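Please read them with the structure open beside you.

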Amino acid sequence: MTIKIFYNTLPGQKINGLKQEAGIWEHPPYTSFHHILNTIGIQYEWSDNPKESIVVLDIGSLPYETQSEKIDSLIEDYISKFGKTILFTSQEPIHPEKIHEVLDKYPELFVMDIRLSNNPTHDRYIPFPSLFARLTNPFCNILDLHPIVDTWSVKKPNTFNNLKWRWTPDKFATQYALNKCGAESQAIISYQKPGDHYSSEHLNQIIYDMTSHRYDMTDFNDKIFPGILKFLHSMPTISLKDDKNFNVLYRYHPKYIYDDTYFTLVNENFNYGVDDLEDPISISENYFYISEKTIFPMLQGHPIFVIGNPGTHYMLDQLGFEIYDEILSYDHDLIIYGMDRVERGCNNVKHFDVADYEKYLIQINKKIQHNQKLLTNKNSKLWSKLKDVMETNIGKYYEL
Amino acid sequence: MKIKIFYNNDPGERINHDFFSDKTWESYPFSSFHHVLNTLGIEYEWSNDKKDSVKILDIGSFAVEENLDKLEEFIQTYLNEFGKIILYTAQEPILRKDKLYLLNKYDNLFIMDIKYSENPFHERYIPFPFLFVRLMNNFLDVTELTPHIQLSNYDTKLHDFHNLKARWTPDKFATQYYLNDGPLGDNNLITYQRPENLNSLRLRISIYNFFNETPVSKKYMNHVYDFLTNHPTVVLQPDKTIYARYRYHPQYIYDETYYSLISENFLPELTWLNNLEVTTDEISIEEILNNFYISEKTIYPIMQGHPFKVIGNPGNNYMLEKLGFKLFDEILNYDYDLIYSPVERIKQAVKSCETFCRGQYQKHYKEIVDKILYNQKHLMNINSSLWENLKQKMLKNLRIYYES
């Protein structure tokens with residue numbers, strides 16, 4: 001199969017539709033799709049014939065969940081002009097419900113967001129975890145890694161780092177749980193207060209939705225939730241010292257957050273709800289989400305512990321990454337209830353013992369190297385899988 | 001062949017902690033070799049068994065030619081301790097005479113510097129053009145590219161070309177001299193770094209030698225020295241601070257110019273005075289194939305997606321084409337490329353820039369964009385023939401190491 005990418009102005013430039021897209025991290029006429037193919041090692045050609053080539057509608061970070069009207073209008077524009085089209089984002093996940101909604105609405109549409117799915121739930125849902133490729137492609141991201149960080153010391157001033165750049169209910173819930181269980185004092189933490197764009201009512205609602213997602217609701221409404229709101233108002237923004245300006249195209253963490261801690265507590269975005277009756281494994285196999293928040297510390301060479309969607313570590317394990325179960329319990333990973341998962345995760349972090357780290361120092365460092373090699377060796381099992389996934393996706397596009 | 005990399009402290013760390021520690025761009029105990037293998041997609045294991053593994057003595061940017069005695073002390077120590085070793089630098093080329101001397105003297109020594117050779121002059125010389133890898137590996141270099149540069153603004157570009165020269169060397173000075181000798185100096189985006197000590201005898205000798213590979217008059221040399229004395233440092237405005245691991249050019253140098261006139265480092269061994277075997281005006285193809293040198297100066301503009309012509313060692317542009325890159329011969333003249341004499345090559349290269357025609361750029365715009373994308377894909381797609389060639393080159397080198 002010769003893969004051809006469609007252009008209508010110039011090869012290498014994004015397609016000019018009738019309407020302007022927005023939300024792409026890079027300025028037009030930039031397009032990321034061919035850069036991702038380059039990083040995965042897939043050969044392609046350019047074509048100005050939409051019938052034989054892949055038509056990509058890049059929506060960047062434009063959220064379908066809240067901007068469906070605008071995106072639908074773009075989709076209609078593309079489909080009427082070029083036929084079969086991929087609604088593409090290499091930046092964000094789309095909520096599973098919305099993926100089905102838009103695919104059912106447009107029979108000539110394919111959706112490629114940044115999830116990974118072992119069993120895609122629609123024959124035109126062709127997700128790809130683009131952040132793996134973005135982080136190692138200098139046209140998509142500038143990655144400023146430290147050549148080496150200290151993972152051998154057993155006398156570090158802090159236990160872990162936990163970075164929370166942009167306020168979301170799940171990050172707030174983590175901050176709350178870390179504070180409540182007493183683990184916060186052992187850590188290098190960043191936290192951002194919610195922005196002014198949240199109305200008080202909306203804020204209370206989304207925090208309620210997040211923190212009430214728990215098996216045991218005893219005393220929640222009367223005692224626990226008021227305490228949570230009190231914490232929300234009292235918790236200040238905490239920034240890292242000696243940091244650089246945040247930029248979605250420039251990935252950097254100060255060296256000391258790794259040198260001075262034993263592991264990274266990653267706050268990965270919660271971005272799909274799990275029904276209480278659903279199996280977390282099958283859900284994560286269908287809609288696995290991974291971003292630079294998880295990938296960067298592994299690339300940098302640090303043990304990780306992720307609080308994210310259920311089954312995050314299960315899926316990382318499936319992809320070939322090692323978990324650090326000599327020093328940390330990951331039994332929070334498959335808990336369906338979001339707040340229970342956060343609280344169990346924070347308690348697991350609290351029980352970290354440096355004596356275990358010292359005891360398993362060599363194994364830990366071997367695992368760090370294994371994970372780094374998996375991420376950076378272009379012949380690794382991970383990159384072979386990513387190539388297979390993209391080729392399968394493109395095959396579906398051509399065949400349907 | 002199972003590749004094993006030796007470690008004596010911890011896997012992933014350099015085996016030598018000594019005089020060379022501050023000569024590598026990354027600080028001790030960082031080791032670049034396994035990162036290079038990762039980018040090439042070569043599998044390996046770590047081993048602390050000296051017998052079955054690759055032992056790397058990383059000397060970084062250590063000046064071999066000036067410190068050969070010191071280097072020999074270390075080579076002897078490491079050979080005694082480890083048996084077979086690779087004298088390794090992923091940063092610099094080493095002079096052929098020094099390599100030949102060391103390889104002939106030490107039977108268990110291999111040398112891997114950053115050159116590319118189709119047929120290396122010695123069976124234990126196993127060079128590898130590391131800069132290709134460095135620019136693509138996040139642990140070795142921070143490469144800051146501009147996602148998209150302006151190519152279609154043919155009516156509004158301010159200059160024909162840019163020519164960047166951050167560090168003073170005789171060849172960059174000569175390029176500056178000849179650029180200023182004609183009409184190009186004032187109309188293009190050109191940087192230049194004055195040497196630190198203008199009155200140093202060593203500096204004057206290096207300039208004299210460079211310009212006198214065929215004797216020139218005293219009057220001519222006085223003019224050259226006057227230029228040296230008077231020409232100021234010219235920097236980009238704005239720019240960011242330069243350091244070896246951080247690769248960045250401001251976007252405007254691409255947006256405002258039609259092409260990059262690249263000043264690639266000249267290798268001393270490929271100048272007229274240093275190689276008496278050459279009897280013709282043009283370098284032989286065999287010589288080019290065996291002595292190719294490429295650095296980030298050439299790779300970065302190609303990666304960024306800009307037409308280019310290189311003023312470098314003889315055959316630089318020929319060799320790029322041989323490696324699969326496309327030259328922009330619709331708009332640029334590369335006739336100077338094989339001229340052996342450095343000064344003559346620079347003169348002709350500069351002269352050829354005078355005939356650049358903006359109308360031709362506009363006329364061939366689509367072809368130029370196709371070539372730019374082709375070159376970018378060749379560099380960035382890990383499944384391209386370039387990367388397959390590089391991977392096979394490294395595997396061949398390691399096979400030589402294991403089988404010798």
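**Notes on the predicted model**

1. B:L57 stands opposite B:L87 in β4(B). Strands here are DSSP E runs of at least two residues, helices are H or I runs of at least four, and both are numbered from the N terminus. The strands β3(B) and β4 (residues 85-88) of chain B pair in the parallel sense over 3 bridges; two strands pair if DSSP finds at least two bridges between them.

2. On conventions: this is a predicted model, in which local features need pLDDT of at least 70 and side-chain atom pairs count only at pLDDT 80 or more, while totals for chains, interfaces and linings use all residues. Residues are numbered from 1 along each chain as its sequence is written, and chains are lettered from A and ligands numbered from 1 in the order in which they are written.

3. The strands of point 1 belong to an open sheet of 3 strands in chain B, with the order β3-β4-β5 and parallel pairing. Its edge strands are β3 (56-58) and β5 (109-112) of chain B, each of which pairs on one side only. From one strand to the next the twist averages 25°. Helix α2 (residues 68-82) of chain B packs on this sheet and touches β3, β4 and β5 of chain B. The direction of α2 makes about 150° with that of β4(B). Axes are lines fitted to C-alpha atoms, for helices over the stretch in contact, and angles run from 0 to 180 degrees between N-to-C directions. Two residues are in contact if their C-beta atoms, placed from the backbone, lie within 7 Å.

4. Chain A has an open sheet of 4 strands in the order β9-β8-β11-β13, with parallel pairing. At its edges stand β9 (187-189) and β13 (304-307) of chain A; each has a single partner strand, so one side of each is left without a neighbour in the sheet. Neighbouring strands are turned by 20° against each other on average, direction ignored. Within this sheet, 2 bridges join β8 (residues 160-162) of chain A to β11 (residues 263-267) of chain A, and these strands run parallel. A:N161 stands opposite A:T264 in β11(A).

5. Which helices lie on these strands of chain A? Helix α10 (residues 292-300) of chain A lies across β11 and β13 of chain A, at about 165° to β11(A). Helix α12 (residues 338-350) of chain A packs on the sheet and touches β8, β11 and β13 of chain A, its direction making about 160° with that of β13(A).

6. Helix α5 (residues 169-181) of chain A packs with α12(A) at about 45°, the axes being 9 Å apart. This makes α5(A) oblique to α12(A). Angles under 35 degrees count as roughly parallel, over 145 as roughly antiparallel, 65 to 115 as roughly perpendicular and the rest as oblique. The crossing of α5(A) and α12(A) is right-handed, meaning that the near helix is turned clockwise from the far one by less than a right angle. Residues of α5(A), including A:A173 and A:L178, meet residues of α12(A), among them A:M339 and A:V342. This contact divides into 7 nonpolar, 2 polar and 2 charged residues. By class, Ala, Val, Leu, Ile, Met, Phe, Trp, Tyr, Cys and Pro count as nonpolar, Asp, Glu, Lys and Arg as charged, and the others, Gly among them, as polar.

7. α5(A) also packs with helix α6 (residues 200-211) of chain A, at about 65° with the axes 9 Å apart. The crossing is right-handed. A:P169, A:D170, A:F172 and A:A173 in α5(A) meet A:I206, A:I207, A:M210 and A:T211 in α6(A). By class, the contact has 6 nonpolar, 1 polar and 1 charged residues.

8. Chain A is divided into domain 1 (4-141 + 381-399) and domain 2 (145-359), with bounds from an automatic or database domain assignment. Their centres, taken over C-alpha atoms, are separated by 29 Å. In the contact, 19 residues of domain 1 of chain A meet 18 residues of domain 2 of chain A.

9. The contact between the chains takes 27 residues from chain B and 29 residues from chain A. On the chain B side, α1 (33-40), β7 (142-144) and α14 (365-380) give two or more residues each. The largest share, 5 residues, comes from α14(B).
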